[in-house]
Structure formats: C-alpha cells, structure tokens
Amino acid sequence: MGALNIVLMRLCGCIMVFLYAVCVNAQPAGTPDYSNLDSWAAHPWKWDPSDSVPGPLRAGFHQDSAVDVFFIHPTTYIDVKQPFGWNAPVTDAALNNKTDNSTILKQASIFNIAGRVFAPRYRQANLNAYYTTDTVAARAALDEAYADVKAAFEYYMQHYNNGRPVIIASHSQGTTHAKRLLREFFDGKALQSKLVAAYIVGIAVEPGYFANIKPCNKPLQTGCFCTWRTLQTGYLTPFVQNESFTAVVTNPLSWDIDKPDVPREQNEGAVLLKFNSVLKHVAGATVHGGVLWTEKPHFFGNILYTAKNYHIADYNLYYLSVRKNVEQRVQAFLSPSSSPNKFGAGSKGGNNF
C-alpha cells in the first residue's frame, strides 16, 4: 500500500508540473497567431484589398519590392454597445470584412507603390476607449490592442524583414499604436536607420514625443514622420481645444514646412467613396495651429455632406499626393547619394532587430 501511495504521489506531481507548464506557456485566449495568414488583413503572400490600385492609376503601375510597409489600421469596432466587450476578436468575419473593404482598401492601398504591405489584425479597442470616463478600462483596452500590434511587428521582423527598409503607416487608433511602436523599436535604436518614413495620421503627435525621430519638413526627407488631422476651415474639435500643446502638422500637398498653405487646385487626386474614381481639386490644405484646415471638399453631392471633421478622410482627400510622396521618399532613401549610414552598420547581413 505504501508503494502504491508513492506511485500515486509521483503521478500527481507529474500532472501538476505538466499543468503548470501549460498554464505558463499558453497564450491568452484570442491572441492572434501571426504565423497564420488569417491574422493579417494585408500580407504579400496572399491577395488582399491593399493590393488594389484605382483604375486611373493602373497604367504603368509597377510595384517596387525594395521596401516594406507596416500598416496599422484604424478603429472599425465602433458599435457603442460593445458586443465583444472592450476589445474585438480578430476572428469575427463581419468586422474583418468591414476592415478589409474600408481602411485596407482605401488607405493601405496608397502604400503599395512602395513595396510589400503588411497589416496585422489585432484586438482593436472599441471606439468608446477614446470617449469614456472610465480611463482605466480604456487604457487596458488600448494596451491589449498594442500588445497584438507589437507581437505582429516582432513576428514581421523575425520572419519577413530580412534587413529591408520599412515604412510605418497608420491612421487613428492605428496611430495611437504606431507612436508607441516607433518609440519602442525605432527612436534612438539601431532600427531607426532602416526607417524610410512614418505616416502617422489622424491622432495628435506632441512636439518632442520622439527623442530622435524628427518631423518631415521637406518632401524628400527620410527617417522622419508625417502627421496631420483634417478639419473644415474655422473648426476645431473639443479634443483640439482641450490640448495643452500644439500638435505637429505636415501639409500633405506641399510636404514643406515653408509652404503651409496649398489651394485645392494643386490637389491632383482624392479617392473617396468610389475607389476607382480619382477626383481632382477636392480639397486644399492649410496648416493652422495643431490641425490641417481645408474648405468644404468639392465633389458632386457635397451639398449633403455637412460634417466639419474630416478625420475619416485624412488620407483619402490627399490620396494621390501621399502615394507620390511615398514613392519619392523611397527613391530618396535608396539613392546612392543618400547618407552611407541609412542602413546602419551591418544591416545588409541582418535586420538589426
């Protein structure tokens, strides 16, 4: 009987050790698996809406493959009833379809001129995270979302980057996470030498938020960041009015700090509701304090458009201008005459990650 007890005790001990190991190594429920292509809204190993090119721009289009784009999409989980709680799963087909056919199609596609586009699905925080008085819950929701974005970027660097230059692009909630990602992985780090540019749009970027990454002040400057928030001329949102700082603003038509005011006649193309329609002269761009002002966008049917906050169209009002600027900055970054330290010591043999 004594021997049997010893055997049983050892068996229980083994089971306990096994269960402990499982608990320690197990991922939290719902954590995306970035080795699975389904966990990516955009990925070069599959066709997705980021591969689309508006009809008028297809002639002569040739995708360069020297640079990667890591795109972080904005909030598409906007149901105020929060059916999934504070964070949405990455497996909901309806929400994924909404994401893919809105922001991935009409924002991430801008960047396919530069190279391969990677856009992770992540457990995005509900839109209420930006408005609730429950700041603890909001912070936790955004932290959970960022944890996924960070994991996706680490997986990208370990398995796909292979020393390639990278563009970080984002909008709205995506920019909340992109700011953290840039500060954690690029700002003053070896990887900063691989940054072509960052387009972090739709959320305020405070002056001095980055210690080493500077705002892009000229169209061909690299290793810097561009940012803007678009409102109707004369309008400021409560968010802006309550800010204790003047946010950094890039003019997405001139890309030049010395040219803060550009009329709409110089805007060569917006992409709005119809993806295959590129509309000229829709919106101008004037840097005003911490925002970008434009007169009411000019397009057929705009009489029905009464909004003064053009946040949703931050990229789309300037689609062709952003696309051209991305291409120009890539060329400048890859130019033989650019700084010999662009890629960083030893980066040709690895990813400096």
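Here are some friendly questions and answers about the predicted model above. Residues are numbered from 1 along each chain as its sequence is written, and side-chain values use heavy atoms, with hydrogens and water left out. Local features need pLDDT of at least 70, side-chain atom pairs count only at pLDDT 80 or more, and totals for chains, interfaces and linings use all residues.

Me: How many salt bridges does the count come to?
Reply: A salt bridge here is a side-chain nitrogen of Lys or Arg within 4 Å of a carboxyl oxygen of Asp or Glu. By this rule the count comes to 15.

Me: Which residue forms a salt bridge with R116?
Reply: R116 lies in strand β3 (residues 115–120) and its partner in strand β2 (residues 67–72), so the pair ties together parts that are 48 residues apart in sequence. Helices (H or I, at least four residues) and strands (E, at least two) are DSSP runs, numbered from the N terminus. The closest N and O atoms are 2.8 Å apart, and the partner is D68.

Me: Is D68 buried or exposed?
Reply: Buried means under 20% relative accessible area, exposed over 50%, and partly exposed in between, using a 1.4 Å probe and protein chains only. D68 has 0% relative accessibility, so D68 counts as buried.

Me: Which residue forms a salt bridge with D148?
Reply: D148 lies in helix α3 (residues 135–161) and its partner in the loop between β3 and α3, so the pair ties together parts that are 25 residues apart in sequence. Both residues are buried. The closest N and O atoms are 2.7 Å apart, and the partner is R123.

Me: Which residues does G30 touch, not counting residues up to four places away in sequence?
Reply: G30 lies in the loop between α1 (2–25) and β1 (40–42). With a relative accessible area of 47%, G30 is partly exposed. Contact means heavy atoms within 4.5 Å. Not counting residues up to four places away in sequence, G30 touches V90 and R123.

Me: Is S254 buried or exposed?
Reply: S254 lies in the loop between α5 (238–241) and β8. Leaving out residues up to four places away in sequence, S254 touches P219, K259 and V262. At 13% relative accessibility, S254 counts as buried.
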